[in-house]
Amino acid sequence: MRPLLRPGLLAAVLALAGCAAPSPDGYRGEIAALTAGKTAGVAAALPAPDADTGPLVAELLAQPLDAGAAVRIALLNNPGLRASFATLAISDAERVRAGRAPNPHFALGRFAEGDRLEIERVLSFNVLGLLTLPWRAEWQGRQTELAKLQAAQDVVRLAAETRKAWIRAVAAQQSAGYLRDVRDAAETGAELARRMARVGNWSRLQQAREQAFLADATAQLARAEQARVAARERLTRLLGLWGTQAQYALPERLPDLPAAVVEPTEVEAQALRQRLDVKSAVDESRYVAQSLGYVRATGVINALDLSYTRNTTFDNARGDKEAKRGWEVELPLPLFDWGQAGNARAQGLYLQSVARVQAVAVQARSEAREAYLGWRTAYDLARHYRDEIVPLRRFINDEMVLRYNGMLASVWALLADTRQNVLAVNSALEAQRDFWLADTDLQTTLSGTSPGALPALASSAAAGGEPQGH
Amino acid sequence: MNRRNFFAGAAAGMAATGVSRVALAALPEPAMQAGNATAPPLVPPNGRPYQPVVTLNGWTAPWRMNGGVKEFHLVAEPVVREMAPGFKVNMWGYNGQSPGPTIEVVEGDRVRIFVTNRLPEHTTVHWHGQRLPNGMDGVGGITQPQIPAGKTFVYEFTARRPGTFMYHPHADEMVQMAMGMMGFWVTHPKARHPLIDEVQRDFCFLLNAYDVDPGSMTPRVNTMLDHNIWSWNSRVFPGIDTLNVRHRDKVRIRVGNLTMTNHPIHLHGHEFTVTGTDGGPVPPMARWPEVTTDVAVGQMRQIEFLADEEGDWAIHCHKSHHTMGAMGHDVPTMIGVDHSGLVKKIQKLVPDYMVMGERGMADMGEMPMPLPDNTHPMMAGQGPYGPAEMGGMFTLLKVRREQPPGSYADPGWFRQPAGTQAYEFGGSPPPAASVAAPAQPQAALPSVRKPSGHSGH
Ligand SMILES: [Cu+2]
């Protein structure tokens, strides 16, 4: 531990204290470095505090919005992230203030008694504040480091959230398209049924059954449309868009599955090495450990004021004055509080921070395993849909066409099978969507921070089996 | 005419069944048949002479004389029968085909039939319509133990009365008949018979029905009536051979029904008489002229006529669904249904969709459309003037002056003499108004509406 008093240090502290100044870019450069490679697969720049991001956002919105552009816009435009940077600026201001030496106090007293007047001038200085300045400056600097890590995690999380919202919005839009096809098939069947009944080939019962299919398909489509709008609005909020900007176009389909996936190795080690929340907890714990010396040093003497007093007394009756000078040291007497409570608190804080490191590490390891399994399963499932279920369904539909050709099956059986086929394709889309969501979660989990609750894979409608009749 | 693989591959097959060499020495080798064309009549090489029959798309089993006994060898086994070109069905049959070979004997013949079972389950043979000792009747469990898989049993009896008969299993018969186990049996009279005429042509076939799901190969044995393949000797038109005769030949056709429904067999251009049933020749005073005779389930009919009208005359089952190939029985009637504006919508979802049935089903015969694999089209027959729009229990009696006696060769399509064919009317057609418009049910509804129990509530 450093000695309390050392003239050279004091001089250096005084010099440094005057130099500390707020970061001009609000640490955006440092945060960009911290989050490099962790923002959902795109190299996204953070805007300067006073930058006008409007033209760049407008340019990105000019074409259908891909996932990368969405992340870039969110990092430029998201109001929450702006708030997060403001928080960082506040922390930075605290740091700057903490780095300045405490101002001296000047007190002026005027006391009159009969013909006597006493003027008291006291210049006092918090010596301990000056002596502990390096610790406090360093402490606050560390708080800023932690705030930076916090802001970096916010950036990573926002990027991941935006990418996931984009995936959901595109998938929901595609899904609504498929359900429109299902509705069209039902509508055609119902219209044909109406004409069948009109010329007397079908009973009203048979017609009503086709009508019921249509009614059901219409309800499904309404739900899908609502889901489409909801998913898109969620993305719009993350992008911080409103007005005409909110009328951006999305691509028609999700990106294809990767032909082959690169298997991540040692996922737990990677998460522990790269995650910002792990780094934050470890740093915090280290800082707390370092601060124990300060607490120990100031445990007994936690205040030391030095004051210089000049006391002038005027005796008006006698017409003379008298001046007294002197200095005064004020410090608490360690009679009752010998600093044990403060030390115990610091010890408690330290243990708390160590426990937090353990908790974060356990969480990171577990999340890495879970995210990896979720990712692998989602990939296998999506491929299973793409390579097995959809081709099978298509084959079944082709065979139904052949049966229709031979008048072995009716056009309604064909349309019913077509509905099944479209629903299978929709399930495949959902599996593809789930893969990209899992992929985003895996990236976040291994290199960024905790993704929050990992989603369970959505279970889809059965895709196999024969089409049920009417 | 196809090649017969008499005695071919029998030894290997026998060895596989594990029959002892002693038994093997006593067994006549089974004659196998690989093809499905109509074999020429088998003129008896020994024994009492007779006028042989021709089995439509089938053949007659050769025999061996052994101490005055005619010995046949039937092998019950899984076979693949081509029911029409390109349409193959997994069946159970005898000696390579389903139905099995026709057995032809003469009244009074002592007959010994070896039956080897190469099916996966036990079987028996019932000799339908024969007078025979009870223990030879082939009812499994009742008159004999079933023939276990891999074993050979011997049936022996005297063919006591002339007539038209069949053979089929009487063990798990629902399955075994649905799979095609059956054959024809003809006992010829040993001398001129007062009730049995001499004929120049004698055809025989069995009526059979299968339920083969489009795209599959094995019949569904649990179907009782809703079969989709209606066949004669397990062949379907246009895969059935024609009955080719010389003008003024006396023709006999023997039909046996082993399906689960009756079939009214109808002949065009001639009248015939039913001269025999399972029970034997019909007395002349009991015969009457017909153009259609109903062959009930489990029955035989023997019809005779003088083929004195030249031409290509249809002979078919009169149940119109039975002259169709595979068809969906749940397909609703589409006649008169307006498809306008919907075809494009359906094609958007099903690109290969085409409207069918809007005007009727004749479209099916006119435009061949891709079907599931191994599916006999609903209507596949083609004639010289266009699609015949048929595909099941249908063939032609071809009567020709130039047909040589005894030749069963197909003379090709008949050319009608000038002025003897239906022709287009040259005048103006009747005004359109007289053509009946399709009924408009909604217009008719108020007048036919029944009082509703709910009205006035
Ligand atoms: Cu019939």
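Colleague: Before we start, what should I know about the model and its numbering?
Modeller: The model is predicted, so local features need pLDDT of at least 70 and side-chain atom pairs count only at pLDDT 80 or more, while totals for chains, interfaces and linings use all residues. Residues are numbered from 1 along each chain as its sequence is written, chains are lettered from A and ligands numbered from 1 in the order in which they are written, and side-chain values use heavy atoms, with hydrogens and water left out.

Colleague: How many salt bridges cross the interface?
Modeller: The rule finds 5 across the interface of chain B and chain A, a salt bridge being a side-chain nitrogen of Lys or Arg within 4 Å of a carboxyl oxygen of Asp or Glu. In one of them, A:D184 meets B:K348 at 3.4 Å, N to O.

Colleague: Why would such side chains pair at all?
Modeller: Side chains of opposite charge can pair when their charged atoms come close.

Colleague: Switching to chain A by itself, how far apart are the closest N and O atoms of A:R95 and A:D92?
Modeller: They are 2.7 Å apart, in a salt bridge. The two residues are separated by about one helical turn because they stand 3 residues apart in helix 5 (residues 79–98) of chain A, a helix here being a DSSP run (H or I, at least four residues) numbered from the N terminus.

Colleague: Is A:R95 buried or exposed?
Modeller: A:R95 is buried, with a relative accessible area of 19%, and A:D92 is buried too, at 4%; buried means under 20%, exposed over 50% and partly exposed in between (1.4 Å probe, protein chains only).

Colleague: What about A:R318 and A:D315?
Modeller: These form a salt bridge with their closest N and O atoms 3.3 Å apart, and A:R318 is exposed at 61%, whereas A:D315 is buried at 11%.
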